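Look at the model below. This report covers a pair of helices and then a pocket.

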Amino acid sequence: MSTHAEPTPVAPPPAPLEVRRLTVSYGARPVLWDVDARFPDGALSAIVGPNGAGKSTLLKAALGLIPSDAGQSLIEGRPVKAARDRVAYVPQRDSVDWDFPITVREVVEMGRYPQTGWFRRVARREGALIDECLHRVGMADFAGRQIGQLSGGQRQRVFIARALAQQAPVMMMDEPFAGVDARTEASILGLLGELRDEGRSIIVVHHDLGTVRSVFDHVLLLNVRAIASGPVDEVLTPETLRRAYGAATVTADDAEALWAG
């Protein structure tokens, strides 16, 4: 009598970002409180919530850019300090010194410094990668321009190109559509969809619930605490929206209109 061994179950890939009981406060005021969240691999994920909900704080604390009071964050199952090369971060535009005398191309080249070193000239193969990244965001014709001469949408494209140059499997973006026109937003969303389809995991702090519903795969609904997290169709319901934004801000009719639209 022959026996067949049961196949060994395959473990799921580690999450590109997982936070466990993350708490952050500014003085005596909690900005994030005991937040648990796990973002899926190979997905386009959004972090949404009202102003002051702690969305940007969550990304910064998860990356160790600001201190946290408690909790832990993991990149692909490892502590952040051991996995910094696995993640590319696009900050908010208002956190950048746009008067710094640097060209578009030099900004994108900075994405390669962790691999090439700060004081080495960019090799030919690195230069080809920079060209490709500029082309993908539609900024190849602006490579020699000083960043302060760019429009808001162009500046955002440049920092996305820098993130692409890092060739990291995880991308985190803080309000990348703030202050950009509808055409630029649509172009960037299309690029993010392509990157997701190529296997990257992308986590975006965003505010437009309609766009989240139509484009994104996964969403964390946040208001200091985690309200709900999961597939967009399951999370963005009238009940959870009212819990996050308040009944006075999001009425049942508003939420139903969003869901239907």
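Contact here means heavy atoms within 4.5 Å. Keep in mind that this is a predicted model.

**The helix pair**

By that rule, Gly153, Gln156, Arg157, Ile160 and Leu164 in H5 meet Thr184, Ser187, Ile188, Leu191 and Leu195 in H6. The residues of this contact of H5 with H6 divide into 5 nonpolar, 4 polar and 1 charged.

Two packed helices are described by the angle between their axes and the distance between the axes. Helix H5 spans residues 152-165, and helix H6 spans residues 182-197. Their axes come within 11 Å and cross at roughly 10 degrees. That makes H5 roughly parallel to H6, because angles under 35 degrees count as roughly parallel. The crossing of H5 and H6 is left-handed.

**The second largest pocket**

The second largest pocket holds about 170 Å³ of space. Its lining consists of Arg29, Val31, Asn51, Gly52, Ala53, Gly54, Lys55, Ser56, Thr57, Gln92 and Glu175. Strand E2 (29-39) and helix H1 (55-62) each supply at least two residues of this lining. H1 gives the largest share, 3 residues.

The table sorts the residues of each group by class.

Note on methods: Residues are numbered from 1 along each chain as its sequence is written. This is a predicted model: local features need pLDDT of at least 70, side-chain atom pairs count only at pLDDT 80 or more; totals for chains, interfaces and linings use all residues. Side-chain values use heavy atoms; hydrogens and water are left out. Axes are lines fitted to C-alpha atoms, for helices over the stretch in contact, and angles run from 0 to 180 degrees between N-to-C directions. Helices (H or I, at least four residues) and strands (E, at least two) are DSSP runs, numbered from the N terminus. Angles under 35 degrees count as roughly parallel, over 145 as roughly antiparallel, 65 to 115 as roughly perpendicular and the rest as oblique. A crossing is left-handed if the near helix is turned anticlockwise from the far one by less than a right angle, and right-handed if clockwise. Ala, Val, Leu, Ile, Met, Phe, Trp, Tyr, Cys and Pro count as nonpolar, Asp, Glu, Lys and Arg as charged, and the others, Gly among them, as polar. On a 1 Å grid over the protein atoms alone, a cavity is a set of points where a 1.4 Å probe fits but cannot get out, and a pocket is an open set with protein on both sides within 12 Å along at least five of seven lines; lining residues have an atom within 4 Å of a point. Grid points are joined across faces, edges and corners, and a volume is the space filled by probe spheres set on the points.
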